[in-house]
Structures are given as structure tokens and as C-alpha cells.
Amino acid sequence: MARAATTTDAFNAIAESRRRQILDVLAAGERDVTELGTALDLPQPLVSKHLRVLREVGLVEVREDGRHRRYRLNAASLKPVSDWLRGYERLWSARLDRLENVLEELRETEQGK
Amino acid sequence: MTAPTSSGAAVVTLPTDTQILITREFAVPRHLVFRAWTTPELVRRWWHADRGEVTAAEIDLRVGGRWRFAMVTPSGFEVAFSGEYREIVPDERLVWTETYERMPDAETVQTMTLTVTGGRTTMTILAEHPSRQVRDAVLESGMEAGLQDALRLLERAAETLR
């Protein structure tokens, strides 16, 4: 994948499992670096590094709260990722709906015996 | 786009970086689901996913036996998958290898499990890919298909305007 569009960068950003864990925690609400470090049992500098990547691609937003910086998930930026999965899901939904039609017919034939 | 059915639509999740899990419930006994997956003339009737016509459904149902499914879309795009059966537990479990013939180096292992709850059958298909890159490429192919789906809907809409 070329690193050109923002969308692509979002894919790269969530390819890292620690960053997905951070997004999972932020999905529950705003957190600061210390809280994130505690929740994920990670050293703060590492959390900050991941947060920087997530902010660069717009997956996470920051808010100044006195002396704290609080981070939150920007759910809208995950849409391209979820669309990507939905395409595959639509393929399989269509396929398995057709399978269901065949199954219903098989069941009727079997019951008719 | 497919309307939801009585048994619910397919749910796709990504349990790990290299896996895809598909889950779907059917209101029929599980031996019928197993039969529909392992009988060529039945596979021909559903595997196309409304995206074309199945042109090959070859099944040699024994451990080490080969299988091959292919379809062609209305625009002439041909997709083919093939592999071999690894484990066969009639009506319960089927394990096979699968290769998309345009990506011959990337073999995935698929495990289908059929479980019964209250007269209904839950089918799960867990696909284990050799790497995250391959897994993601497989998911992207779905987006391609989704796009074709949208184009076909447009075509249909255009036809009604004639």
C-alpha cells in the first residue's frame, strides 16, 4: 500500500496492535497519557509515541484541560476502515443469503419425503 | 445491497492480525449446511454471491483431495480459488487450504465449524492467513466486489428508466 492518502495512513496506524488497544480504551471516553499507560500497562513515553501517530492521521484528538492534555477518539476517521470491512461483509452476506435459499429448499425436500 | 433475512446477515470480525471470522446462523439442521458446501451442483447455486456465474465447482471430498471453485462476473472478470481438504468431520467440521489463483503464493487455512443451538445451526468460518498483508488483500478484494455490486445496482436502476 502506498503511503499517500490519509485513509491509507489510518490503515497503517491501526495495523499496530498497541495502537488499536489505545483506540479501544479511548472508545470508552477521554483519557490522559497516565491513565492510558496504566490501563494498558505501558510506559508513558511509548504511549506518547503511539498517540502521536494516531493524532497525525486524525484518529485521535487532543484537548487541553488545565495542565493536562486529554485524548479522545475521533470515530468519524474510522469510517474508511469500517467501509473496507463492510465490503467484504456484503460479499459474504450475499453469498450466504443465497446459501440460505438453497438450504431452505433442501429442508423442504427432506421434509416432503 | 442485501436485505436482512430471518436468520440474520453474515457477521465478519477480525480476531487477530492474520484472521477473518465469518459467522452466520441458519434455521436448518447442520447436515444440510455441510451438504451444501460439499456438493458441486449445490455450490454452483450459492457461491456466486449474486456477482456472476459459477463456472467451476470441483470437489474431491477426502483428506488430501483437491477442490476448485471459480466464477465469472458479467464484465468478464474471472476469479478462482482452489486448495485441498485437510480434515473432514461430516456435518460438524471441515478444514481446507485455499489459494486465490491470482495470488498463488498465499495459502490460507479455513476451518468451518457447524454447531447446533435450539434447532438452529451456527456456521463459523475462521480463515487463517500467512500474514497480515495477505489478510488485508483478501479484505480489499471484498471492497472491489462491493464496488461491482454498486455498479450493477446503478445499471439496474438505469434499465428501469428506459
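**Salt bridges, contacts and burial**

Q: What makes the meeting of B:Asp50 and A:Arg98 a salt bridge?
A: The term means a side-chain nitrogen of Lys or Arg within 4 Å of a carboxyl oxygen of Asp or Glu. For the side chains of B:Asp50 and A:Arg98 the N to O distance is 2.5 Å. That value is within 4 Å, so the pair is called a salt bridge.

Q: What kind of model is this, and what rules apply to the values?
A: This is a predicted model, in which local features need pLDDT of at least 70 and side-chain atom pairs count only at pLDDT 80 or more, while totals for chains, interfaces and linings use all residues; side-chain values use heavy atoms, without hydrogens and water. Residues are numbered from 1 along each chain as its sequence is written, and chains are lettered from A and ligands numbered from 1 in the order in which they are written.

Q: How many salt bridges and polar contacts link chain B and chain A?
A: The rule finds six salt bridges across the interface. There are also 11 residue pairs in polar contact, both residues being at pLDDT 80 or more. A polar contact is a pair of N or O atoms within 3.5 Å; within protein, one must be able to donate a hydrogen and the other to accept it, and residues adjacent in sequence count only if both atoms are side-chain atoms.

Q: Which element gives the most to the side of chain B that touches chain A?
A: H3(B) does, with 10 residues. Helices (H or I, at least four residues) and strands (E, at least two) are DSSP runs, numbered from the N terminus.

Q: What is the area buried between chain B and chain A?
A: About 3400 Å², of which carbon and sulfur atoms give 65%. Buried area is the accessible area (1.4 Å probe) that two parts lose on being put together, summed over both. Of the area that chain B buries against chain A, B:Val12, B:Arg45 and B:Trp46 supply 15%, more than any other three residues.

Q: Why does B:Thr122 count as buried?
A: Buried means under 20% relative accessible area, exposed over 50%, and partly exposed in between (1.4 Å probe, protein chains only). B:Thr122 has 17% relative accessibility, which is under 20%, so the residue counts as buried. B:Thr122 lies in strand S8 of chain B.

Q: Which residues is B:Val138 in contact with, leaving aside neighbours within four places in sequence?
A: They are A:Tyr88, B:Ile20 and B:His129. Contact means heavy atoms within 4.5 Å. B:Val138 is found in helix H3 of chain B.

Q: Where does B:Ser131 lie?
A: B:Ser131 is in the loop between S8 and H3 of chain B. A polar atom of the B:Ser131 side chain lies 3.2 Å from the backbone nitrogen of B:Val134.

Q: What is the confidence in chain A?
A: Chain A averages a pLDDT of 84, and 87% of its residues score at least 70. pLDDT is the predictor's confidence in each residue, from 0 to 100. Over residues 1-6 of chain A, pLDDT stays under 50.

Q: What pattern does chain A follow along the sequence?
A: The pattern is α-α-α-α-β-β-α, with five helices and two strands in the chain. Of the 113 residues in chain A, 42% are buried.
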